[in-house]
Amino acid sequence: MISYLVAIAIIGLIYVLLGLALNLQWGQTGLINFGHVASFAIGAYTSGLLSLAGWPIPLCMAAAMVLAGAAAWPLGRLTVTLKEDYLAIIAIGFSEVVRSVLENEMWLTRGPSGVPGIPSLFSSLPAAERGVAIMVALLIAVAIVFLLLERLTRAPFGRALRAIRDNEMAAAALAKNIVSFKTRSLVLGAAIAGLAGAFYAHYLTFISPEQFTPEVTFNVWIAVIIGGSGSNLGTILGTFLLILFLEGTRFLNDLGLSLDGSQLGALRFMLIGAALVLCMLFRPAGLLPPSSRRG
């Protein structure tokens, strides 16, 4: 039971990193990134493949952040000509291109079979203690990212991002370099998502393209919206509520429903959708919005 709770906590903390990254891009900057899972996948594959090549894991994780951030840079430059809706479509296309590369470039990614045998973090420890150690490492990573983002959003950089989100034309009239700010927000968010991917790869020790579907992106979006976009604390709250909900609904059959796997999956998504609608009706700014959006 303890191992199961530790596993849920680890996945939850990985999703918190993804949520904080998306909150920077969407909540602070207003960038609609529907391709968030691409940065997650790039981070996971970069760190996993480099570690199999003999690189030290900390160096692999740093490389994962750099490559995931670098891959997001072209998306930021596209904001010169694209408005939010079109950027969202391009981001979806980008994530599908990444997934197609993962599935078809056998020489690099081993295709649909995936990459087994990725070195685990703290591999010298027994299995139970290893899980706790990974959870503690993730807690430290989340705390560092949270504090950095809190400091960043209170700095002039963060105020400029929110000015661009609220009124891009007004920000441009104040001589703010819109493209530069948006690009930096996308790159920084992608680097954080890459770090989440690296933790994911070294925790599961196996990755494959089917783990990086658009469902990951939309789960992170739901967590940010329910928690309160623009609020890092709200994002953390929304993520853990989503993870608890996803895990809790795995046991619906214990209530006598007798559903098969596909029916249970469909019902879970219906319940998540209903929860999102209710949240939008009664708490449109989220459960824990930033102070500027509280009524």
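Across the whole structure, a search finds five salt bridges, a salt bridge being a side-chain nitrogen of Lys or Arg within 4 Å of a carboxyl oxygen of Asp or Glu. The model is predicted, so local features need pLDDT of at least 70 and side-chain atom pairs count only at pLDDT 80 or more, while totals for chains, interfaces and linings use all residues. Residues are numbered from 1 along each chain as its sequence is written, and side-chain values use heavy atoms, with hydrogens and water left out.

Among these salt bridges is the one between Arg99 and Glu96, whose closest N and O atoms are 3.0 Å apart. Arg99 and Glu96 are separated by about one helical turn because they stand three residues apart in helix H4 (residues 84-104); helices are DSSP runs of H or I with at least four residues, numbered from the N terminus. Arg99 also forms a salt bridge with Glu103, at 3.8 Å between the closest N and O atoms, and Arg99 and Glu103 lie four residues apart in helix H4. Arg99 counts as buried at 19% relative accessibility, whereas Glu96 is partly exposed at 31% (buried means under 20% relative accessible area, exposed over 50%, and partly exposed in between, with a 1.4 Å probe and protein chains only).

In helix H6, Arg154 forms a salt bridge with Glu150, four residues away, with the closest N and O atoms 2.4 Å apart. Arg154 is exposed at 57% relative accessibility, while Glu150 is buried at 19%. Salt bridges that share partners join Glu96, Arg99 and Glu103 into one network.

Helix H6 spans residues 127-154 and also holds Thr153, which is buried with a relative accessible area of 9%. The side chain of Thr153 reaches the backbone oxygen of Glu150 at 3.0 Å. Leaving aside residues up to four places away in sequence, Thr153 touches Gln28, Gly158, Arg159 and Arg162, where contact means heavy atoms within 4.5 Å.

Turning to helix packing, the axes of helix H2 (residues 36-52) and helix H3 (residues 57-78) come within 8 Å and cross at roughly 145°, the axes being lines fitted to C-alpha atoms over the stretch in contact and the angles running from 0 to 180 degrees between N-to-C directions. The residues of this contact of H2 with H3 divide into nine nonpolar, five polar and no charged, where Ala, Val, Leu, Ile, Met, Phe, Trp, Tyr, Cys and Pro count as nonpolar, Asp, Glu, Lys and Arg as charged, and the others, Gly among them, as polar. H3 also packs with helix H9 (residues 178-204) at an angle of about 145°, with their axes 7 Å apart.

Terms used. Helices (H or I, at least four residues) and strands (E, at least two) are DSSP runs, numbered from the N terminus. A polar contact is a pair of N or O atoms within 3.5 Å; within protein, one must be able to donate a hydrogen and the other to accept it, and residues adjacent in sequence count only if both atoms are side-chain atoms.
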